[in-house]
Amino acid sequence: MAVDSPALAIRSSVGIELWASSGSKQPYEHKSNLPREETKNSRSISFSPDGRYFAYSNGQEVKVLQTANWQLQCTLPRPKAFYLKFSPRGNYLCTWELYVITKDIPEGSPNMFVYEIATGKQVFSIVQKKQTDWEPSWSSDEGIFAIVVGGESLFYDLSQGIEGFNATTKKIGGSKGGVLSVGPGSSPPFIAIYTPGAKGAPSMCKLYKYPALAQNQTLACKSFFNADRVEMMWNKRGTGLLLLTSTEVDKTGASYYGNQALHFLNTKGDSCSVPLSKEGPVHCVKWSPKATEFVVVYGYMPSKAALYNLKCDVIFDFKEGPRNCAYFNPFGNLVVLAGFGNLPGNVEIWDVKMKEMIANIKCPDTTHFEWSPNGEYFVTATTAPRLRIGNGFKVYHYSGALMHETIWPQGQELLAVEWQQFAENTFTEPIITKAKQEGIKSSQPEASKKVYTPPHLRGGNNVDKIIQPQSTIPGLPPGYTSSQANNKKQGAQKSQQQQHNNNQQQNQQQQQNQANKKRNFDRTKTRRESKGEGGAAGNNNQSPQINKNQNNATPSPLNGEATVAPGNQEENGQQQQQQQRPQNKRNPNNRRQQPHQQQYQQKRQQNNNGNNEKPHENNIQEGHQQNQEKTANHQQQIGGEQQPLQQQQQQPSKKAANPEKDKKIRNVAKKLSDIKKLKVRQEQGEVLELNQLNKIAMEAKFLEELKALKLSN
């Protein structure tokens, strides 16, 4: 197999096999010299970091193969192995299986084992109940093996070989939920230990230099609150450490998924929080293989992505986009920003040195992404059990060209795909260019970019018929059918009938109101007529005004009655009405006087004054009095009849006028309230607009208007 064509290990529902390509433009396929085993119970596959060994489980045992000739190296009796993990140099293999309690062993048996690859011998075993964070920590030279059990950190010195597993060399007591991580790179390594906070104390992460693990030998320390879980990420040299802290529940209620924070520590003793310019979760954090920069994808969608240096300063901002993953190639000169999971699968390939995008493709339904060890190709796969339909994998060039595609047959499931690993310096760093590689066309149908069209609108003939329908009923616009016309006609008839009924009800109501007014008028007239002729005449208190008007009267030569001159008749009637109204207000009992009492007082006054007057003067005076009585009686009747009508007309006018006045008062008061608020904002230093300043200048005018409205009757 050519070195420039790493193999692909494939685990499916029918077996385990390795595929390889004969060249850069040749498809991947199974070769006769590559291993293949049919099994339906395989749970894990793994390459050693240096690429010397390949291990897989088949449901009966764990097999370890040499990649040089694909021969069997050893067999491990672990039929229930769930996870496989090689040590940094590939000399040991760790297996983990589910923790089980039986009747024979109620305390439970060990479920995490360490095997020596050279001999296939079990060298270590322990109970590790948690499925997460089960992996032990190794130093880069495999001289130190460390693991956390029951909140206690245990260290084993393997510099003398496998005998170091027999006893611990260091122990650090902690608390439940602690995390231990051994840094790569230098030897002896740096150790990071996380201790969760309790009883109001903050959580802490401390850096040590092995074997100096005392409390007073801390190199760096970072404390923080609100951390239920911590993920530790070392750079390749082991000089920088990123801490991704997260909480299960956000107590402030801002997020349903809790909150997250990112912190940085280095071996020089510096520590800080990584600044994030957008609120939201931290989706992904990845170190560059160059160990001098890292990328963070964070924030609510569309999320932001930024490149940071070791001082936690932003080197480059990738702007916002639908992304939640980041992947550096093995040389750190390319980075992929992608949106998988519930995102549409956008994949952006960026040149890290030039800070520019090389390609932008779509890989929908991707559940696995991995760069090839040569740094030029990457694989995307749709695997089960995440997705059970459309399983398969594709190999792309960094320019965005599709180089290979395999779709799994119906009824089978693709479970995992992994690149074969190689030792460092096996491949040279590729030179990044913008040249587009020639690839193949995907057999999978692409999602249509056209706007969705309902089925009944698809096709040219149907569109014409629906958009421009022809009516068969004369006089109706296009698009009307007989049922629509009938419905519209029935609706019009109903509306006309309803309007006719409303008009009839209004006419009946008006007639009834007029009848009630006439009935009240007749009752008032009858009541006043029953009181007698002249009952509404003026009393003696009106004599000065009446005598003043009598100077214009002339005696009639026919009947001896006094008549009023035509020119002064209207003036006399108006003066009598003005005299009568204030007198009735001052003395309401005048209207209740009986007619015979008024006549008796008038005759008595005539007898007292008539003894010294002539008969002709008596006749004139008597005629004047009779004429006055008739005129006063007529005016009283008219006034009595008009007074109820005037009261009825004035009452609704007052009711209609008062609401209008109140409405004006409320409007002016609202304007004054708005002016007051604007003044407060102006005092606070806010710059107001021109129309707001003009409104403040009108305050005096509004105050005068409000005062006039309140003083008006």
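Guide: A salt bridge is counted here when a side-chain nitrogen of Lys or Arg lies within 4 Å of a carboxyl oxygen of Asp or Glu. Please keep in mind that you are looking at a predicted model.

With that cut-off in hand, find Arg78 and Glu97: their closest N and O atoms are 3.2 Å apart, and they form a salt bridge. Where do the two residues sit? Arg78 lies in the loop between strand S8 (72-76) and strand S9 (83-86), while Glu97 lies in the loop between strand S10 (92-96) and strand S11 (112-116). These parts are 19 residues apart in sequence, so the pair ties them together. Both Arg78 and Glu97 are buried.

The whole structure has 16 salt bridges. Another one brings together the side chains of Glu17 and Arg36, with 2.9 Å from N to O. Here, too, distant parts of the chain are linked: Glu17 belongs to strand S2 (residues 15-21) and Arg36 to strand S4 (residues 36-38), 19 residues apart. Arg52 is partly exposed, with a relative accessible area of 36%.

Now let's turn to a sheet. In general, strands of a sheet pair through backbone hydrogen bonds, either parallel or antiparallel. Four strands make an open sheet in the order S21-S22-S23-S24, and their pairing is antiparallel. Strand S21 (229-234) and strand S24 (271-273) each have a single partner strand, so they stand at the edges and one side of each is left without a neighbour in the sheet. From one strand to the next, the twist averages 20°. Look at strand S22 (residues 240-246) and strand S23 (residues 260-266): they run antiparallel and are joined by seven bridges. You can follow this pairing at Ser246, which stands opposite Gln260 in S23.

Next come the nonpolar side chains. In soluble globular proteins, nonpolar side chains tend to be buried together. The largest nonpolar core has 17 residues, and Val336, Val347, Ile349 and Trp371 are those with the most contacts inside it. Strand S29 (325-328), strand S30 (334-338), strand S31 (346-351), strand S32 (356-362) and strand S33 (368-371) are the elements that give two or more residues to this core. S30 gives the most, with three residues. Leaving aside residues up to four places away in sequence, Val347 touches Val336, Leu337, Ala338, Phe340, Ala359, Asn360, Ile361 and Cys363. Another core, of 16 residues, lies apart from this one; Phe124, Ile126, Trp134 and Phe165 are among them.

The loops hold some backbone details to look up. The peptide bond from Tyr210 to Pro211 is cis, with omega near 5°, and Pro211 is found in the loop between strand S19 (203-209) and strand S20 (220-224). The bond from Met301 to Pro302 is also cis, with omega near -5°. Pro302 has its place in the loop between strand S26 (293-298) and strand S27 (303-309).

Positive phi angles turn up in residues other than glycine as well. Ala291 has phi near 70° and sits in the loop between strand S25 (282-287) and S26. At 2% relative accessibility, Ala291 counts as buried. Asn425 has a positive phi of about 65°, and it lies in the loop between strand S37 (414-419) and helix H1 (460-467).

Finally, how confident is the prediction? The chain averages a pLDDT of 76, and 74% of the residues score at least 70. Over residues 609-624 the pLDDT stays under 50, and the model has nine contacts beyond four places in sequence for them. Residues 634-656 also stay under 50, with 23 such contacts in the model. Where pLDDT is low, the predicted coordinates should not be read in detail.

Note on methods. Residues are numbered from 1 along each chain as its sequence is written. This is a predicted model: local features need pLDDT of at least 70, side-chain atom pairs count only at pLDDT 80 or more; totals for chains, interfaces and linings use all residues. Side-chain values use heavy atoms; hydrogens and water are left out. pLDDT is the predictor's confidence in each residue, from 0 to 100. Contact means heavy atoms within 4.5 Å. Two strands pair if DSSP finds at least two bridges between them. Axes are lines fitted to C-alpha atoms, for helices over the stretch in contact, and angles run from 0 to 180 degrees between N-to-C directions. Buried means under 20% relative accessible area, exposed over 50%, partly exposed in between (1.4 Å probe, protein chains only). A nonpolar core is a set of buried Ala, Val, Leu, Ile, Met, Phe, Trp, Tyr and Cys residues joined through side-chain atoms within 4.5 Å.
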